[in-house]
Each structure stands twice: as C-alpha cells, then as structure tokens.
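Subject: Structure handover

Hello,

Here is the structure I promised to pass on. Please open it first, then read the notes below.

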Amino acid sequence: SSTVTRDKGGELTVGGLEVSRLAEEFGTPAYFLDETDFRARCRAWADAFGRDADVFYAGKAFLSRAVVRWLHEEGLNLDVCSGTELATALDAGMPAERIAFHGNNKSEAEIRRAVEAGVGRIVLDSFQEIVRVAHIAQELGTVQKAFIRVTVGVEAHTHEFIATAHEDQKFGIALAGGQAAEAVRRALKLDGIELIGIHSHIGSQIFDMAGFEVSARRVVQLLAEVRDEHGVELPEIDLGGGLGIAYTSEDDPREPHEIAKALSEIVTRECDAAGLRAPRISVEPGRAIVGPTAFTLYEVGTIKPLEGLRTYVSVDGGMSDNIRTALYDAEYSVSLVSRTSDAEPMLVRVVGKHCESGDIVVRDAFLPADLAPGDLIAVPATGAYCRSMASNYNHALRPPVVAVRDGSARVIVRRETEEDLLRLDVG
Ligand code: LLP
C-alpha cells in the first residue's frame with residue numbers, strides 16, 4: 001500500500017507515526033486511514049476529469065462526517081444510496097446540489113427528504129420510481145433533476161467483461177427490448193422531473209477498460225435515439241464507478257487519467273458519429289478513492305500449525321470488520337508490522353475470532369515462522385467496503401477509524417462499546 005512505509009529501524013510507519021504506538025493509543029483491531037492519501041486521490045480524479053466532468057465519490061465504500069468534509073474541500077461531489085447516507089452528507093455540510101441519490105428501492109420518506117433538501121440529482125431506478133419521484137416533487141412544488149439508470153447488458157469483473165443480451169438482476173431499466181427508451185418517454189412527460197441524463201454502472205473492481213467503453217457507447221446510442229424521437233439532447237451521462245485497486249501485488253490497476261481518457265475518447269467518437277453534442281460526463285468512484293488509503297491493524301492471538309497444510313493465525317477481529325474475503329473470495333495481503341524478523345516465511349491463513357470456519361481475513365499468505373501471540377499484523381487496502389460493511393456478529397464491537405495526517409492521528413469514527421450495543425437491546 002502507498003500509505004505504509006518502513007522507517008530506518010524497520011518499524012512500520014504511517015503518516016509519520018509508528019504503527020506500534022498507534023496500536024497502544026487506539027487499540028486493535030482498528031482501521032487507520034491516511035487523510036493525505038485520500039485527499040491526493042480526490043485531486044487525481046478531479047484533475048483527470050477536468051472541468052467538463054463531475055466526480056461523485058460513492059459513499060457506500062466508506063462514509064463519515066470527516067470524509068464528507070474532505071470531499072467538500074477537495075471539490076468532489078457525493079453519491080449516497082440511503083436516507084441515512086444523505087443525512088450524514090448534509091449534516092457534515094455537503095451542499096445538497098452536489099449530492100446524487102441512488103438506490104433500487106428508495107422509500108417515499110427518503111425521496112421526500114432528498115427532494116426537500118434539494119439534491120442535485122436523483123437516479124431513477126424503475127418505472128414506479130419515475131412516477132413516485134415526479135409526484136413527490138410536484139407535491140412539494142418543485143422540479144427534481146433526474147437521471148435514469150439503465151442496464152446496458154455488460155457485466156464487468158476485474159480482468160474481463162461479459163456482454164449479455166438480457167439482464168437478470170435488480171438494478172436499473174434494461175436498454176434491451178426498448179425498456180429504457182420507454183422510461184425516457186414517460187419521464188419526459190412528467191412535470192415533476194427534469195430528465196438531465198442517463199446513468200450506467202457495470203460492476204466493481206474492474207481493470208479492463210473495454211467494459212466501460214461498451215457501456216459508454218450504448219448510453220450514447222440511447223441519447224441519439226432520444227434525440228431522434230423527442231428532439232431532445234439530454235445534456236449528461238453518468239458512467240458509474242467500478243475502477244479496481246491493487247489488493248495484492250498481482251493486481252495492476254488503471255489510473256484515473258487512463259479511465260478519463262478512455263471514456264472521453266469513446267464518448268467524443270460516438271457523439272461525433274451520431275451528430276450529438278458531447279454530454280457532460282460524471283463518474284462515481286468509491287473503492288479507487290478510499291480503498292488504498294486505509295489498513296486494518298490486528299493483534300495476533302492463537303497460532304495453530306496444521307502439519308502438512310498451513311498455520312492458522314487468529315486475530316482479534318475477522319469477518320465482522322472485513323466480510324469481503326468470506327463474501328467475495330477477495331484477496332488481501334498481510335505483513336508483520338510490530339517488529340522485523342529474519343525468520344523463514346511460513347504459509348499462513350489469517351482468520352478471525354468468529355464462530356464460523358469461513359471467517360477468513362487473508363486466505364493464503366506468508367508470515368515469518370517466529371510469529372508469536374501479541375505481534376501486530378496489518379492488512380492493507382481495507383479502506384473500501386470494510387468498515388462500511390462491518391457487523392456486530394457474535395456481538396463484535398465495530399472497530400474505530402483513525403485518520404492519520406502530518407504525524408498526528410485522530411479518531412474519526414470511534415470504537416463501538418458494550419454500552420453502545422446494549423443500549424439498542426431494550427427487551
Ligand atoms: N455507483 C454505483 C451506482 C454503484 O452501485 C457503485 C457500487 C459505485 C458507484 C461505486 O463502485 P466502486 O467504484 O466502489 O467499485 N461491496 C462490494 C462492492 C459493491 C459495489 C456496489 N456498488 C465489494 O466490497 O467489493
């Protein structure tokens with residue numbers, strides 16, 4: 001990870017702070033997030049896309065008040081997908097017009113809250129929602145700017161993408177069978193909505209630009225159809241998030257400027273061919289901004305060598321702070337960070353303390369053979385979809401997020417306490 005370095009004494013440091021001191025002060029398990037790196041990544045995205053495009057950070061990857069303030073200060077916009085994410089964003093001072101509201105099943109209350117707040121865009125996800133949003137906006141005496149989310153028949157995962165003719169999933173409205181064109185037809189007729197664009201999100205942890213290109217091409221084709229049928233040129237397109245990051249040394253992710261270049265070239269080419277004005281482009285990176293900025297620090301507990309197999313190394317957290325390995329077979333790396341060791345590497349599996357054999361944090365890794373209880377190990381690239389998907393399984397108390405910057409560290413999300421947990425238990 002770009003956030004962690006080894007100083008001359010062999011001690012790991014992050015943001016100029018010794019990891020073992022962080023453990024002493026904040027305890028384990030804990031997520032440590034490099035604020036400087038986070039801000040640099042925001043700027044890299046903003047610079048790559050320039051003034052003719054908008055970058056919306058996908059809050060589902062990790063959201064807190066501090067994160068919202070950083071985004072605001074760095075000039076990014078924010079994508080939220082629940083009323084509570086919206087509340088967090090507004091509470092921390094993100095201007096409503098810079099917020100996009102997503103979701104396949106937004107409640108009436110959530111929609112009302114978003115429209116009342118004046119969010120910049122609502123991404124409409126179904127025929128029912130087109131009507132629902134229009135009615136609520138009309139009731140509130142306003143016109144809501146909206147996108148329609150379409151599914152373009154592309155599924156992308158890491159190194160490959162699959163173009164599929166039909167869609168069998170819950171998001172968006174299919175381009176296939178004229179569904180999306182029908183959705184546009186209906187939206188254009190409704191007074192409560194100003195349809196400003198088409199949205200497409202094709203997947204996550206993607207390295208291959210080809211899927212984004214197919215998606216962009218199909219979205220522009222829909223813009224051309226809309227122009228032909230209605231004489232309206234929708235001014236914007238949103239091509240979603242999904243750019244992958246390096247979890248292990250085998251991953252070779254693309255940079256923001258590479259995706260920016262690929263998208264703007266394909267959109268320009270397709271628009272020229274169709275005689276359309278090039279729309280303003282939005283993107284919604286989550287993982288690529290926050291993922292690499294944080295690592296999880298664990299303390300090693302029980303060590304169990306299994307003859308001829310591997311050594312199981314148990315840590316003081318697990319699937320409650322990182323569900324991704326169990327859920328997606330995600331790969332992570334791990335390193336010993338509290339001391340240096342010249343011992344031979346041994347094959348390990350880093351597991352949690354939960355009552356479940358699938359409770360794996362790092363499936364296959366090497367750690368020094370002299371590893372001992374009390375050692376500290378770090379798992380990098382846990383900034384995205386780890387704290388935000390954390391659970392209280394086995395009544396685990398969710399770990400804190402500590403922001404590190406210029407040699408100082410401060411808690412931005414505090415560690416859950418027994419009291420927090422028991423307060424909800426009102427039986
Ligand atoms: N925009 C939309 C509409 C999305 O649904 C998502 C992610 C994003 C943007 C941000 O995607 P990103 O740039 O972070 O890949 N929990 C899974 C990932 C689920 C992503 C869901 N949608 C994981 O841990 O890999």
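The chain splits into domain 1 (4-33 + 291-424) and domain 2 (62-285). Please keep in mind that this is a predicted model.

**The two domains**

The C-alpha centres of domain 1 and domain 2 are 34 Å apart. Where they meet, 15 residues of domain 1 are in contact with eight residues of domain 2. On the domain 1 side, β23 (401-405) and β24 (408-413) each provide at least two of the touching residues. By class, that side of domain 1 has nine nonpolar, four polar and two charged residues.

**Around the ligand**

The shell around the ligand holds 21 residues. Which of them come nearest? They are A58, S204, G241, G286 and Y385. Both domains take part: domain 1 and domain 2 each give at least three residues to the shell. Three elements each supply at least two shell residues: strand β14 (203-206) and the helices α10 (287-290) and α11 (324-328). Sorted by class, the shell has eight nonpolar, eight polar and five charged residues.

**K60**

Look at K60 next. An unreviewed UniProt entry annotates K60 as "modified residue: N6-(pyridoxal phosphate)lysine". That label comes from the record. In the model, K60 sits in a loop, between β5 (53-58) and α3 (65-73). Is K60 buried or exposed? K60 is buried, because 21 C-beta neighbours lie inside 10 Å and the cut-off for buried is 20 or more. Setting aside neighbours within four places in sequence, K60 is in contact with C81, G286 and S388.

**Helix α1**

Last stop: α1, residues 19-26. Its buried residues are V19, L22, A23 and F26. Viewed down the axis of α1, these buried residues fall within an arc of 100°, so they line one face of the helix. What does the face turned away from the buried side carry? There you find the exposed residues R21, E24 and E25. After α1 comes G27, with a positive phi near 80°.

**Where to look in the viewer**

- Then pick K60 and its contacts C81, G286 and S388.
- Then turn to β23 and β24, on the side of domain 1 that touches domain 2.
- Finish on α1, with V19, L22, A23 and F26 buried and R21, E24 and E25 exposed.

Best wishes

Definitions and conventions: Residues are numbered from 1 along each chain as its sequence is written. This is a predicted model: local features need pLDDT of at least 70, side-chain atom pairs count only at pLDDT 80 or more; totals for chains, interfaces and linings use all residues. A residue is near a molecule or strand if its C-beta atom, placed from the backbone, lies within 6 Å of it. Helices (H or I, at least four residues) and strands (E, at least two) are DSSP runs, numbered from the N terminus. Ala, Val, Leu, Ile, Met, Phe, Trp, Tyr, Cys and Pro count as nonpolar, Asp, Glu, Lys and Arg as charged, and the others, Gly among them, as polar. Domain bounds come from an automatic or database domain assignment. Two residues are in contact if their C-beta atoms, placed from the backbone, lie within 7 Å. UniProt positions are given in the numbering used here, feature names are shortened, and annotations may be inferred rather than shown by experiment. A residue is buried if 20 or more other C-beta atoms lie within 10 Å of its own, exposed if 12 or fewer, and partly exposed in between; C-beta atoms are placed from the backbone. The arc is that of the directions from the helix axis to the C-beta atoms.
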